[in-house]
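Notebook open, model loaded. I want to look up a few things about overall shape, fold order and contacts, and jot down what turns up.

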Amino acid sequence: MTTKPELMKRMVKGPDGLEFEVDPLRDYYCEAPPTVMPGAYIQIVEDFFNWARSKSLWILGFGTGCGAIEMRPLMTPRFDAYRFGVAWRPTPRQANLFIISGYLSTKTLKRAIRAYEQMQNPKYVIGLGSCTINGGMYWDSYNTIKKLDEYLPVDLYIAGCMPRPEALLAGFEEMKKIIRTGKAEGANQYAENFAWYKANQKRVIHDWDMPDYNW
Amino acid sequence: MDFDWMKIPYAFLTVFIVVNYGFLMGALIQKIGARAGRRHGIPIWQYYLDVIKNYGLRTSITHGVMFYLGPVFRLSGGVGLLLFMPVIYGSYMFSNFSFAGDLILALYFVFFGTLGMALGAGESGHPHAAIGVTRGLQQVSMAELPFAMAVFSVALQYQTLSITEIVAAQQGGMMNWTLFTNPIAVAAAMLAFLGSMMRPPFDVFIAPQEIPIGPPTEYHSSYLALMQTNRAIFPVAKIVIYMNLFFGGAGSWPELFVKVFFLYLFSAFVGVCFPRFRVEQSIRFFLVWAVPLGVLSIMVV
Amino acid sequence: MRELYARLKALYPLGELTEQRKNLAFVTVPAAHLRDTLLHLRDKEGFTHLVLLTAVDWLEEGQFQLTYLLNNRALACDLGLRVLIQRDTATMESIHDLWPTAATYQRELREMFGIDFPGSPRIEEEFILEGWNSIPPYRRDFDTLKYAQEAYAERPGRVTHDPETHMRLQMYPGQHPAGK
């Protein structure tokens, strides 16, 4: 593992003249691995929360590939996904749904993992397009992953190259059903099989220069 | 001093009504904005669901003590504003904890939430939050100036610092409203109103595309839900001040709902018609148009 | 184009002119004369814009072909200079001082083809690929399919159809696959 210069341990002089050591990987990130977070103790409360979660899907506005172009029409008057309680949030902290829109190069995968880990439990992933399922037209590419669920826990795939916005709307409805039945526990899956996911991720990302878990 | 304990549950009732009204009206205004763009917009109960979901998230992380306190300050700004103000004129139940000098306190509370936000956002350590909050503070301070002047003008006009007395002086027909007795002060205050409502054209500090949603970038789960609750309370509380000072107050809840809705609609209307100002443009706007109006209104009185 | 070629030919040892269109032509230049030719074209002939710098891998000949495509805004015509360099050494003189944009192209070529341009700014930094651990991927002896199969997990069950035959079978099921 090679570390980038800005991530190396170094001495920093503060504004008050004191020198102190900064280890960015330790000080700027929290390395504690994710834990399985159980739902509410009473089933009916959990069901109630799941119902609210399904009605209020906040998507992370991160277009990882060409499929992101199919998300834009959803905001326009023609499709207007806001009707269904779907909204876009520009920061991973507030988003619940991560749409991997199309192919993921290993370089983007690294960013996608960071973004995913910064989202709060419960969080959901939709794989959009054939590329996320089996590589699609990038099946022999030297730099593109072919099977998304090796690296992130995927709740739902929407097939097509590209799927139309209507297919995406249908996908949202399907996603809502999954959430309402309480089966969308991707974040807990990720926490349970953390070592396996990390091993897979590190197999394709050769210059791993971040902590194992970026909260 | 004898304290009337019965006022506490009544105050809670006020907050409860205002929260629900704020959620529904926020969504309604959002829908009106969407219709202007020929969309259907969000369902009217969407804000309830968002808040429930955000309270229901299982994890949250912290960046330090101030990060906790940010949303708390913000919420207390909104609730405090509401509690120290006569919401319904002449009603024992809903005049809350208003007292002789409550106008000064209200001026302070309008600003309080923003300051809390600045502290919390600064603690979160995200550069976008810092940029957003700097821009926001600049703009809100600038918008506050004409508002403060208009308030002084009104206070001079009625020779009192008590909101109840100001409302009382405006009773007895529309022509007694400050809107007609002191139109210059109202004009200055309404420009300031636009600047502090977090809607276009004065919302560059929460611009979603350039600096992902500005100050609350790092806020999530319950923190965010707390701020959303405040977002329902605070505009209503602020509009209630405006209504009390300039538009004759409200004698009953329906009257309040209608007046608040139209005042809110005013800012939404301006919002869908005009594009965003950059911070320096909006500051210039307030300095050139609103502040002279405020000065003039004081001089006229 | 012809007159330009005649003027250039008098100054530098050029190869044959290939005219693609009326306003697009290619000509081969020896590596040693590239810099002078580019300078002459830029300063005297008005080819002020470097459109692109790219490479072709002639694996069988053991050569890389670099193509410098220049554009003359006033005449709206393009001229491509081809330079052939040895594949095993794969080093070329940098032209980042003529066009600063060339530095970016040269970084890309170094990463994708492994062609070195000594002295070019930030040439050592990785350009697109992060942590690449094999031979440069655009070289033709790099087996993309094999690499992809080894490096990335596959989902079993993928079938490949010849589009023509497949669509014929889908749309006209009764017919012979060949269509006759």
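I started with the radius of gyration of chain A in this predicted model.

Next, burial. Of the 215 residues in chain A, 44% are buried. I also checked how far apart in sequence the contacting residues sit. Taking contacts in chain A with a separation of 6 or more, 79% come from residues 24 or more positions apart.

Secondary structure of chain A: I find seven helices and seven strands. Their order along the sequence reads β-β-α-α-β-β-β-α-β-α-β-α-α-α.

Over to chain B, where I looked up helix 9, residues 221–246. How far does this helix reach from its first C-alpha to its last? I get 38 Å for its 26 residues, close to the 38 Å expected at 1.5 Å a residue. Helix 9 of chain B is also mostly covered, with 24 of its 26 residues buried. Just past the end of that helix, G248(B) has a positive phi of about 80 degrees.

Last entry, the contact between chains C and A. Chain C puts in 15 residues and chain A puts in 16 residues. What is the make-up of the side of chain C that touches chain A? I noted eight nonpolar residues there, plus three polar and four charged.

Definitions and conventions:
Residues are numbered from 1 along each chain as its sequence is written. Chains are lettered from A and ligands numbered from 1 in the order in which they are written. This is a predicted model: local features need pLDDT of at least 70, side-chain atom pairs count only at pLDDT 80 or more; totals for chains, interfaces and linings use all residues. Two residues are in contact if their C-beta atoms, placed from the backbone, lie within 7 Å. Ala, Val, Leu, Ile, Met, Phe, Trp, Tyr, Cys and Pro count as nonpolar, Asp, Glu, Lys and Arg as charged, and the others, Gly among them, as polar. Helices (H or I, at least four residues) and strands (E, at least two) are DSSP runs, numbered from the N terminus. The radius of gyration is taken over C-alpha atoms; the globule rule is 2.2 Å times the number of residues to the power 0.38. A residue is buried if 20 or more other C-beta atoms lie within 10 Å of its own, exposed if 12 or fewer, and partly exposed in between; C-beta atoms are placed from the backbone. The expected span of a helix is 1.5 Å times one less than its number of residues.
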